[in-house]
Amino acid sequence: MGERNNNIFTVFIICGIIMIFTVADFVKHDRVYSETENRVLASKPKFSKEGVLSGRYAEDYEEYVTDQFVGRDKWVGIKTGLDVLLQKKDINGVYLGKDGYLIEQHKPEDFPKEQEIQRLTLLETLVEKWNAQVMLVPTADNILTDKLPAHAAYFDEAAFLERVKEKIGKANYIDVYSVLAEHAQEDIYYRTDHHWTSLGAYYGYYAWVKATGRLPYYYAPDKMQIVTEEFWGTLHSKVRLPRRADAIRIFPETNKKEISVTYDFQKTTHSYYEESYLDTKNKYGYFLDDNHGFVEITTGYARSNTLFVIKDSYANSLIPLLAPHYKTIYVVDLRYFNSRLFSFMEQYLPQESTAAAGNNAPYGNGKMDVLVLYNCVHFLEDFHYYE
Amino acid sequence: MVLMLFSTVSDYVHGRLIECYRGSRKATGLLTSSIIINLFMLGFFKYVDFLIRAVNSMAGTALPLLKLPLPIGISFYTFQTMSYTIDVYRGEAKVQKSLLDFGVFVTMFPQLIAGPIVKYKQIEDRLSDRRVDIQAMSYGLKRFVTGLAKKVLLANNVGELWAEISSMNYSEMSVATAWLGVVAFALQIYFDFSGYSDMAIGLGACMGFHFPENFNYPYISTSITEFWRRWHISLGGWFREYVYIPLGGNRKGRARQLMNILIVWLLTGIWHGAGWNFLFWGLWFAAFLILEKLFLGKVLACFSKPVQHLYACIVVLIGWVFFAVETMEGIMAYLNALFGINGAGLYSSQSLYMGRKYAILLAIAVTAATPLWGSLMKRLKAMGTGYAIALYRLGEKVIPAVLMLMSIAYIVEASYNPFLYFRF
């Protein structure tokens with residue numbers, strides 16, 4: 001090829017790439033919402049004089065072009081693939097663990113002592129005033145340590161839990177860590193999501209039963225029902241790599257009774273499980289209809305006591321298992337709850353008391369069981385209430 | 001933008017007036033006025049808060065900071081317009097009668113934000129007489145893609161390593177992590193800066209301009225003197241032409257020469273940023289340049305090239321600490337970490353993890369900072385056989401295409417922002 005033709009060809013190829021994407025961009029319709037990213041995508045910014053002068057129009061336009069870039073999710077996948085080629089062992093805050101596990105990264109520096117002390121003080125008050133039981137669940141990086149990449153750093157939750165136990169006292173502390181650690185080789189965490197599996201929740205239930213000295217209800221882990229086998233969770237959204245999907249299982253025993261579940265005083269259903277989520281990306285929402293500020297459950301069991309749970313999303317797969325022990329369960333998610341917690345809780349105290357006598361809790365005098373159920377990281381990041 | 005317009009019009013007017021009054025004292029006055037206006041503009045917007053802070057700490061006053069937004073490219077275009085008036089005054093360039101053409105010189109977008117600093121006389125003839133030819137376009141596009149890849153694929157990624165390390169606690173940082181950090185920063189700033197320069201040169205070539213080179217593989221230097229001939233060449237050239245030589249350069253005796261070097265390097269340092277740490281950075285290099293001129297250069301020549309190279313690398317890397325860490329306490333803490341004085345040990349599990357995570361990327365980046373890849377391509381072409389030429393031609397097209405696609409992937413991913421917790 002002559003030198004001149006060669007140059008033309010080079011120019012053609014490079015400009016061609018630019019042209020292809022420019023045209024494709026124009027032709028494609030704008031997406032409103034990204035399921036994988038769980039957020040609304042930027043739309044075309046309105047042209048305005050103030051916008052241009054302040055520079056915001058240009059910024060917004062740039063955000064618009066990148067958000068609506070043709071094949072966006074595939075490009076992200078390419079970039080992630082290149083990262084893997086470079087042998088990166090963590091992408092976007094998620095460790096690429098062994099055996100197909102994606103494990104969320106929690107660096108020790110992200111949990112300053114002051115924050116911990118603040119949260120523990122709030123927790124202590126709750127324990128003192130309500131005799132609350134505390135169940136803080138370790139995250140996958142602390143239990144599945146053999147699946148982490150070499151030298152990977154993680155926030156030491158075992159040590160943290162020791163500090164919690166010291167602060168609130170052994171009587172109110174439920175040791176989930178040891179139980180999970182014992183069963184670390186089983187499927188107790190999802191491979192593509194930061195939640196624990198129903199099996200993990202089952203071991204959590206077991207720890208609760210042991211700590212509160214109850215008789216366990218019989219659940220059969222090997223007879224769990226598969227609800228879906230195509231669950232790709234939050235961690236998969238962060239790391240767009242082909243992964244084996246997770247299966248979501250439930251204990252069919254939880255569907256035996258006629259129950260009523262009311263969400264935020266509005267919607268009432270008769271199952272712990274919301275089938276519509278199984279058709280979306282956010283399949284974990286199947287448990288207790290994803291996130292609600294306040295949930296009221298009538299369990300259908302012939303009991304007379306009440307449980308009040310203060311929780312994060314980890315609790316959603318565990319709460320159905322607690323049902324046989326209570327007549328009513330109230331559930332509060334503090335992220336959506338902004339009023340004064342203690343007075344709110346007082347409203348739900350049952351009239352007669354059948355709970356364990358000898359509880360000298362100032363509030364409620366032991367009429368209602370209170371359970372704080374979080375994973376360690378959410379607890380340190382989110383736990384907050386107004387008395 | 002108003003400032004840029006003002007600077008353009010001001011120096012255009014100055015240029016024409018200097019031409020009118022050529023030879024008389026008025027011309028000199030006009031030159032001085034142009035320089036003062038430009039430096040005042042630059043000084044005001046860039047350095048006024050620095051000066052206020054300095055006055056406050058020395059005089060104990062509490063003057064409020066102005067917190068002016070830094071106009072984009074101001075360090076570059078003020079220097080460019082100054083070079084115009086100076087060149088016109090010296091008769092090294094013809095006055096530009098067309099305000100539009102002069103405006104093109106100032107606002108040429110390829111190199112407006114990050115250089116190379118183009119002296120007016122370097123491109124004055126091209127302003128009006130430009131041919132766009134396909135060979136220049138082909139070269140320009142390839143150059144542009146190289147710059148884009150340097151910035152997006154190398155600089156940004158290596159920058160992540162620096163971002164991780166720079167947010168750590170320096171007093172608990174091991175030696176290995178600290179050195180990993182400076183190396184990451186050194187590579188980031190090089191690929192960032194030279195990437196932008198490449199893109200500017202490439203775009204300029206597409207439009208028919210021939211911009212000067214700005215970087216020439218600075219990290220293969222074997223002395224600090226050599227380093228500054230390879231790093232930010234256009235800035236060094238500007239200071240040499242308009243400050244060092246007018247001050248006498250090396251023609252007024254040794255002592256004067258060393259003083260000139262000191263002055264130029266203090267200015268170089270402060271040009272990079274309005275902070276004491278930048279001043280210190282300039283001073284650091286001034287010291288080594290002076291030492292090399294005095295005796296160090298001859299001493300180094302006794303050693304093998306690799307040893308000289310090691311010396312240069314270490315001096316430059318330590319220099320980057322002054323540049324990258326902006327507080328004095330931070331600098332001291334980081335230097336302590338570099339030399340193991342903080343007692344955190346030689347290496348830690350963090351060093352191992354980060355080292356492994358970035359090993360391949362760093363290897364690619366380090367080799368890309370040498371002429372290795374470029375010379376491989378050149379040797380392929382020079383082999384002459386039909387097979388080699390065909391491979392070269394193929395590579396010449398495929399490599400930029402692949403780099404572009406990879407760059408797009410990285411750019412799009414940078415805005416990938418999964419918002420997870422609210423819903424969970």
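Two strands count as paired if DSSP finds at least two bridges between them, and strands themselves are DSSP runs (E, at least two residues), just as helices are runs of H or I with at least four residues, both numbered from the N terminus. What you're looking at is a predicted model, where local features need pLDDT of at least 70, side-chain atom pairs count only at pLDDT 80 or more, and totals for chains, interfaces and linings use all residues. Residues are numbered from 1 along each chain as its sequence is written, while chains are lettered from A and ligands numbered from 1 in the order in which they are written.

Strand 12 (residues 306–311) runs parallel to strand 13 (residues 328–333) of chain A, and six bridges join the two. Within that pairing, V309(A) sits opposite V331(A). Six bridges also tie strand 12 of chain A to strand 14 (residues 368–375) of chain A, again in parallel, with F308(A) facing V370(A) there.

How well covered is strand 12 of chain A? Six of its six residues are buried, where "buried" means 20 or more other C-beta atoms within 10 Å of a residue's own (exposed is 12 or fewer, partly exposed is in between, and C-beta atoms are placed from the backbone). In a regular strand, side chains alternate between the two faces of the sheet. Here T306(A), F308(A) and I310(A) point one way, and L307(A), V309(A) and K311(A) the other.

Chain A also has an open antiparallel sheet of three strands, in the order 3-4-5. Strand 3 (90–91) and strand 5 (102–104) are at the edges with a single partner strand each, so one side of each has no neighbour in the sheet. Strand 3 of chain A is joined to strand 4 (residues 94–96) by two bridges, and D90(A) has Y95(A) as its bridge partner.

Now hop to T139(A), in the loop between strand 6 (133–137) and helix 6 (140–143) of chain A. Leaving aside neighbours within four places in sequence, T139(A) is in contact (C-beta atoms, placed from the backbone, within 7 Å) with E104(A), H106(A), E157(A), N375(A), C376(A) and V377(A).

Zooming out, chain A has a domain 1 (3–85) and a domain 2 (107–182 + 257–382), with bounds from an automatic or database domain assignment. Their C-alpha centres lie 43 Å apart.

Next, the cores. A nonpolar core is a set of buried Ala, Val, Leu, Ile, Met, Phe, Trp, Tyr and Cys residues joined through C-beta atoms within 7 Å. The largest has 112 residues, and V158(B), A184(B), L187(B), Y334(B) and A337(B) touch the most other members. Helix 8 (residues 175–206) of chain B supplies the largest share, 20 residues. Apart from this core lies another, of 85 residues, including L102(A) and W208(A).

Finally, where the chains meet, the contact takes 36 residues from chain B and 40 residues from chain A. Helix 17 of chain B gives the most to chain B's side, with 12 residues. By class, that side has 22 nonpolar, six polar and eight charged residues, counting Ala, Val, Leu, Ile, Met, Phe, Trp, Tyr, Cys and Pro as nonpolar, Asp, Glu, Lys and Arg as charged, and the others, Gly among them, as polar.

Terms used:
Two residues are in contact if their C-beta atoms, placed from the backbone, lie within 7 Å.
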